[in-house]
Amino acid sequence: MARTSEYLQRAADRVMIQDLLARYAWEVDHGDPADWAALFTEDGIFEIPAVKVKAEGRAELAEFAADLQRAIPNVHHVQTNFVIELDGDRAWGRCELNEFMARPEAVYPNLQGWYEDDYLYRGGHWRIAHRRVFTAEPKSTVTGKVGEHFQPFHEICKTKWRKT
């Protein structure tokens, strides 16, 4: 493909979506839950299908992020191997997820998986419309030391965020 204006626009869109995802990780790990929620569309969805966890809309998303930060502090999301498909003001993508948890006694590699996303371009910005989380080994956060540290998060998910 020649470096036409269309080619350059598609490259810029991919870079901006990757920037969106970097901000996603930064905000959920270190930032304000409302700033994390603002990276989604107004009616955006965060979902963990395997355990039927779902947060919908920015108010719920901010509340979910606050619960996550409280329940398992010092979690760090690392996203790699981005695959992004563009179609005008819509896009979808996948990327790998590796998550680490820092504790005084150790840094734990607590989960490996991937995200599947839908994105929309609205108001001059790419936003996440729907993010689904999948884990390669779902039991990795319920056993051993990692399971002990994740217990408060699992309890919150069971009582507050599990939706059928």
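Tutor: A salt bridge is counted when a side-chain nitrogen of Lys or Arg lies within 4 Å of a carboxyl oxygen of Asp or Glu. Side chains of opposite charge can pair when their charged atoms come close. This is a predicted model, in which local features need pLDDT of at least 70 and side-chain atom pairs count only at pLDDT 80 or more, whereas totals for chains, interfaces and linings use all residues. Residues are numbered from 1 along each chain as its sequence is written, and side-chain values use heavy atoms, with hydrogens and water left out.

Student: How many salt bridges does the structure hold?

Tutor: There are 9 salt bridges. In one of them Glu155 pairs with Lys158, the closest N and O atoms being 3.5 Å apart; both belong to helix α4 and, being 3 residues apart, are separated by about one helical turn. Helices are DSSP runs (H or I, at least four residues), numbered from the N terminus.

Student: Which residues form a network with Lys160?

Tutor: Glu63, Asp67 and Arg70 are linked with Lys160 in a network of salt bridges. Lys160 meets Glu63 with the closest N and O atoms 2.7 Å apart, and because Lys160 lies in helix α4 (residues 144–161) and Glu63 in helix α3 (residues 57–71), the pair ties together parts that are 97 residues apart in sequence. Lys160 also bridges to Asp67, at 2.9 Å between the closest N and O atoms.

Student: Is Asp67 buried or exposed?

Tutor: Asp67 is buried, at 4% relative accessibility, where buried means under 20% relative accessible area, exposed over 50%, and partly exposed in between (1.4 Å probe, protein chains only). Lys160, at 37%, is partly exposed.

Terms used
Helix = DSSP H or I, 4+ residues; strand = E, 2+ residues; numbered from the N terminus.
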